[in-house]
Amino acid sequence: MYSIQAIQKILQAKTTERPLHEAQIEHLLLDSRQIIFAERSLFFAIKGAQQDGHQFIDAVYQAGVRNFVVTQLPEPQAFPEANFLLVPNVIAALQTLATHHRKQFPLQVIGITGSNGKTTVKEWLFQLLYANFAIIRSPRSFNSQIGVPLSVWNIQSQHELGIFEAGISRSGEMANLAKIIQPQIGIFTMLGEAHNEGFASKQVKLLEKLQLFQGIELLIYCADDPDIQAEISALPCEKLSWSLGQHPTAGFFVQKPEIFLRHTHLEGCFRGETQRISVPFTDQAAIENAIHCWAVLLHLGIKAEQIAERMSQLEPVAMRMELLDGQNDCLVINDTYNADLSSLRLGLQWMRQHEQGRKRSLVLSEILQSGSTKKQLYQKISHLIEEYQIERVIGVGAATIQLQDFLPRGFEQDYFENTQHLLDVLPQLQFQSEIILLKGARQYHLEKIAQALARQVHQARLEVNLSALAHNLRAYQRCLRPGVKTMVMVKATAYGAGSKEVARLLEHLRVDYCCVAYADEGIELRQAGISAPIMVLNPEAGAFEQMRQHRLEPVVYSQEQLRSLRLESFPHGIHLGIDSGMHRLGFDSHEMPGLLDYLQQHPSLLVRSIYTHLAATEDPQHDAFTHEQARRFQLAFEQISGTLGYRPLQHALNSNGITRFPQYQQDMVRLGIGLYGIDVSNTLPEPLQVVLSFKATISQIKEVAAGETIGYGRRAQAHSPMRTGTISVGYADGLRRGAGNGAFKVKVRGKKAPILGSVCMDMSMIDLSHIPEAQTGDTVEIFGLDPSVDELAQILGTIPYEVFTGISPRVKRVYLQE
């Protein structure tokens, strides 16, 4: 811990006139919704593009926090017990504090950067080295200007090795991270296309990333990229280059890999000695990541036989939490790719975000090589259990029973020697209406518990990446003028993604409004605990009373609605829709006199916003019409606001219009398909991330003789011996028949496989003749990153909206958080 006085000196911060109250700081807090151990937390009031942490000081103070880092002082009288540290830049202060903390410890540190593979290399190094060192590492993908200092803050005296990753998105960022991490060993994974928009050129991006390695002792990298080789060769440090079959003069030369079934065999020459390993992966990225790790182990002097054994047991890195529907009204959070205190805290935070009033249960494996004594470790875990109000604990592994020494008498708890013992008695534990966090080290395979607890439904699944959705929201918000609000479309079950889960995330991200099409969609959100303002685009008059009860705000768009509107039903307000030329819904210009008369006669009616819908913001050939719509809307808005005597929120832009017509951003914008990863206008400064991935599995593989036919109508024929796979998705799931007969190709084990013959109602057949390694149970990607939903939409002659919303409700939704 640090005293608040010590932190003031480290930051060279100014304070109020009164002396600082005594306080000991252990936790750094950036989010007012994630407060635990309030009395030992220091809140950093960070200003972002849309949110200012200073706005939440009162809420944080009311929650018990008394220590703040700010750039502007509030009235001290309003916070009599608070300590305020005034600094020029809050993020810089966070980094300064982390830099000071790092300097207190002499541990060896590995710093990792590159465009891809950072998190995988970090997690694999932990798997490979935890038996040799007490390791501290970045939680998940905490590699940003904020994530790195939070990671380094977790260093304690018992740690012997630190493994931290650093990611940047624009010039000028890496120097900050290098000061914080201070690595002795560096790993450069690879140079790809990610974040190209933030740099003047590929070389500029490379030089920026290499700043992490200023002053290091050793840099490990692949010499097969000539651009990387040229720049790294000039760095004044020892280098360990490796090559995969291209440069025999590299410090570590690896022969071309041999792939056998699901394993890759590698042979290399290091310092004149032959080294051999086998890894349980076959894709190129995994092979390269494994060689980076192999080179680190060789440098550290790990024995060859130990390296070979450990590399053969590498586990895949999921890097994200899954939220699954469970049996008996349970929700299951599958977070089983690692187990340490930092990632446990993140899992508990996500549990709190999604619990919906359910009982909170934790299934926890042993935490390996934490660096603390068992007593210290499980005492810390017990504190987290108490702070997050966990009601039930199930421990897996002999050491977890030590938790009972720190939990209160009568606390609901069970302990099992291993995962199989828990599986054997799982039905007897009678989970009911619980949210269950599964948190475990990889070798405990707690994903088997997730499979047993999950509701067994259709094998096809729609994966919803909530981290990507949050990224896309921020990408659009960075294009907004200061103060412009954000309304997000969650109608049509959030474009197929699941309205409750998406709205819950949006509320957590503090969007200003959610928007649905019909009242019943809004009522469902309210029943799920969503409290954010909700606008209803197409309310029926018969639903007005229910809307009043659930605090839903209807759009009024016609004289008929005005006549049926009971003013007392909507003390929370309504919205007015104006038809400026799309001719769908809204008041036309000739109806304006009647609308203005009504508003004059009913001055108590609260109008929250006035809006219109622009018909063709994505298409430059209709720009003149878009400008004309904006002119008509502005005229109507001025007439209405003049009658009201105040100016409601004004909004007209959808996802495409946000970037193409920034002059019309007005008070609020409406974000729809862009949130889900589709930039139709292709004008966003930074790339969107894929949110929805539609996947199935191979149910059966057949060897089909030449001349045989396949599927309904015998529309596919094997002209030579063919290997086919039947996959668990059909037109009843959302894969329309137009994708059949070879028109569309799905992906299996990184290779494209055409759909054979007719798409059936519940399944389809694909050609696996060129993918001999494919097996029953393999995952099949229908659309996602590759192939994309745009490709499928083009084949079907439609748009991504229709593909997304056409995914059947029977397809289970799996929610992912990185």
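E686 touches E197, H471, A475 and R478, leaving out residues up to four places away in sequence; touching, or contact, means heavy atoms within 4.5 Å. The model is predicted, so local features need pLDDT of at least 70 and side-chain atom pairs count only at pLDDT 80 or more, while totals for chains, interfaces and linings use all residues. Residues are numbered from 1 along each chain as its sequence is written, and side-chain values use heavy atoms, with hydrogens and water left out.

**E686 and its loop**

- E686 lies in the loop between β31 (668–671) and β32 (692–704); strands (E, at least two residues) and helices (H or I, at least four) are DSSP runs, numbered from the N terminus.
- E686 counts as buried because its relative accessibility is 16%; buried means under 20% relative accessible area, exposed over 50%, and partly exposed in between (1.4 Å probe, protein chains only).
- The side chains of E686 and R478 make a polar contact at 2.9 Å.
- A polar contact is a pair of N or O atoms within 3.5 Å; within protein, one must be able to donate a hydrogen and the other to accept it, and residues adjacent in sequence count only if both atoms are side-chain atoms.

**Helix α17 and L506**

- Helix α17 (residues 499–508) is mostly covered, with 8 of its 10 residues buried.
- The buried residues of α17 include S499, E501, V502 and H508.
- L506 belongs to α17 and counts as buried because its relative accessibility is 0%.
- Apart from neighbours within four places in sequence, L506 is in contact with L469, L473, V488, V490, V511 and L675.
- L506 and L469 are 37 residues apart along the chain, and their C-alpha atoms are separated by 9.2 Å.

**Helices α21 and α22**

- Two packed helices are described by the angle between their axes and the distance between the axes.
- The axes of α21 (residues 592–601) and α22 (residues 623–644) come within 9 Å and cross at roughly 20 degrees; axes are lines fitted to C-alpha atoms, for helices over the stretch in contact, and angles run from 0 to 180 degrees between N-to-C directions.
- Therefore α21 is roughly parallel to α22 (angles under 35 degrees count as roughly parallel, over 145 as roughly antiparallel, 65 to 115 as roughly perpendicular and the rest as oblique).
- On the α21 side, M592, L595, L596, L599 and Q600 make the contact, and on the α22 side A636, Q639, I640, T643 and L644.
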